[in-house]
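Please look over the sequence and the model displayed here before reading on. The report is meant to be read beside them.

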Amino acid sequence: MPFGSADRAQLQQITKQLVDLATDLAAVKQQVADQQHAIDQARQDATNAITSGLAEVRAVARDALARTNDVATGHLANIGSELVAIRGAIDQLDSRLREASAPAQEGKAAPEKPASDSEPQPVEQSTPEPVPEPEPDVEPASGPDPDILRAAAGIAHATVEAHRDTWAFLIQVAGNEQHFHIPGRVEDHDGFVSVRFSGPSLVAAITSLAHVTHTADSPVTRAIAAHIHGKITVAVQAIIDNPSRDGDGTPVRIVIDDRAATDEPDGE
């Protein structure tokens with residue numbers, strides 16, 4: 001039975017409702033897509049912000065740790081140098097006190113007993129005293145060479161490379177001299193230190209080492225002082241023998257690290 005006009009009108013109304021429903025559905029899908037995009041963008045922005053913030057926090061933390069390490073290392077190096085210098089001053093004061101008390105004790109002669117006619121007096125047998133052997137490579141008793149001291153005073157800076165124990169010995173000997181300045185920074189490479197000396201500090205070191213070389217009671221102390229003194233003197237003497245002109249030349253470098261020569265193969 002064919003549709004009448006009322007049926008066609010109802011069918012058109014249903015079709016229009018379906019079209020409107022499809023349009024509304026498409027609009028809802030677009031809104032959902034927009035919201036999803038906004039959520040993704042917000043998540044990406046948050047991730048980037050967190051990553052950037054963590055990177056900045058790590059950088060600030062690393063910088064703070066580095067500064068703290070530098071400050072602590074510098075203070076520890078200064079404290080160590082000052083302790084060595086104090087120990088050296090105490091040892092020198094103790095040595096001077098012993099030297100001052102020795103003549104006083106020698107001056108006290110034992111009381112002589114009155115000679116008795118009944119008791120025979122023992123006959124003293126004189127024994128020859130051993131003659132001390134002269135020590136090589138030492139300065140005369142009058143002190144270091146003035147030319148060496150003047151040349152050392154003119155050095156702007158010299159790098160001394162030695163073992164940590166040798167550096168401690170040098171501070172112990174010269175640490176209480178007026179013109180000896182303990183460097184604020186000491187580079188330590190597995191026990192082998194590198195220290196920059198000024199001219200006045202070199203003069204003070206040469207003078208102190210020469211004094212210890214002649215006055216120390218221990219032969220070990222005299223040998224160490226004489227060896228370091230010889231190394232510094234040789235470096236300064238090289239400047240006297242071949243002075244530079246107009247600031248050119250090789251910087252002064254004193255290495256206290258004697259080694260045996262390498263065995264070279266024969267030319268055959």
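The sections below go from the overall layout to the sheet, one of its residues, the core and a pair of helices.

## Basis of the model

This is a predicted model, in which local features need pLDDT of at least 70 and side-chain atom pairs count only at pLDDT 80 or more, while totals for chains, interfaces and linings use all residues. Residues are numbered from 1 along each chain as its sequence is written, and side-chain values use heavy atoms, with hydrogens and water left out.

## Overall layout

The protein chain has five helices and four strands, where helices (H or I, at least four residues) and strands (E, at least two) are DSSP runs numbered from the N terminus. Read from the N terminus, these elements follow the order α-α-β-α-β-β-α-α-β.

Of the 268 residues of the protein chain, 21% count as buried, the term buried being used for under 20% relative accessible area, with a 1.4 Å probe and protein chains only. Among contacts (heavy atoms within 4.5 Å) between residues at least 6 apart in sequence, 78% join residues at least 24 apart.

## The sheet

The four strands form an open sheet of mixed pairing in the order β2-β3-β1-β4, with pairing taken to need at least two DSSP bridges between two strands. The edge strands, each of which pairs on one side only, are β2 (187-189) and β4. Direction ignored, neighbouring strands of the sheet are turned by 20° against each other on average, the angles being those between axes, which are lines fitted to C-alpha atoms.

Three bridges hold β2 and β3 together in the antiparallel sense, and E187 has S194 of β3 as its bridge partner. Strand β1 is joined to β3 by six bridges in an antiparallel arrangement and to β4 by four bridges in a parallel one. Five of the six residues of β1 are buried, so this strand is largely enclosed by the rest of the structure. Helix α3 lies across β1, β2 and β3, running at about 120° to β1.

## E161 within the sheet

Residue E161 belongs to strand β1, and because its relative accessibility is 15%, E161 counts as buried. On one strand, β3, E161 stands opposite S194, and in β4 its bridge partner is V255. Leaving aside neighbours within four places in sequence, E161 is in contact with F192, V193, S194, R253, I254, V255 and I256.

## The nonpolar core

The largest nonpolar core has 33 residues, of which F197, L202, L209, I232, V236 and I254 touch the most other members; such a core is a set of buried Ala, Val, Leu, Ile, Met, Phe, Trp, Tyr and Cys residues joined through side-chain atoms within 4.5 Å. Two or more residues each come from α2, β1 (158-163), α3 (164-174), β3 (192-197), α4, α5 (219-241) and β4 (252-255).

Not counting residues up to four places away in sequence, F197 touches A156, H157, A158, V160, W167, L170, F180 and L202.

## Helices α2 and α4

The axes of α2 (residues 146-153) and α4 (residues 199-215) come within 7 Å and cross at roughly 150°. The two helices are therefore roughly antiparallel, a label for angles over 145 degrees. Helix α2 contributes I148, L149, A152 and A153 to the contact, and helix α4 contributes G199, L202, V203, I206 and T207. These residues divide into seven nonpolar, two polar and no charged, with Ala, Val, Leu, Ile, Met, Phe, Trp, Tyr, Cys and Pro counted as nonpolar, Asp, Glu, Lys and Arg as charged, and the others, Gly among them, as polar.

How values were computed:
Axes are lines fitted to C-alpha atoms, for helices over the stretch in contact, and angles run from 0 to 180 degrees between N-to-C directions. Angles under 35 degrees count as roughly parallel, over 145 as roughly antiparallel, 65 to 115 as roughly perpendicular and the rest as oblique. Buried means under 20% relative accessible area, exposed over 50%, partly exposed in between (1.4 Å probe, protein chains only).
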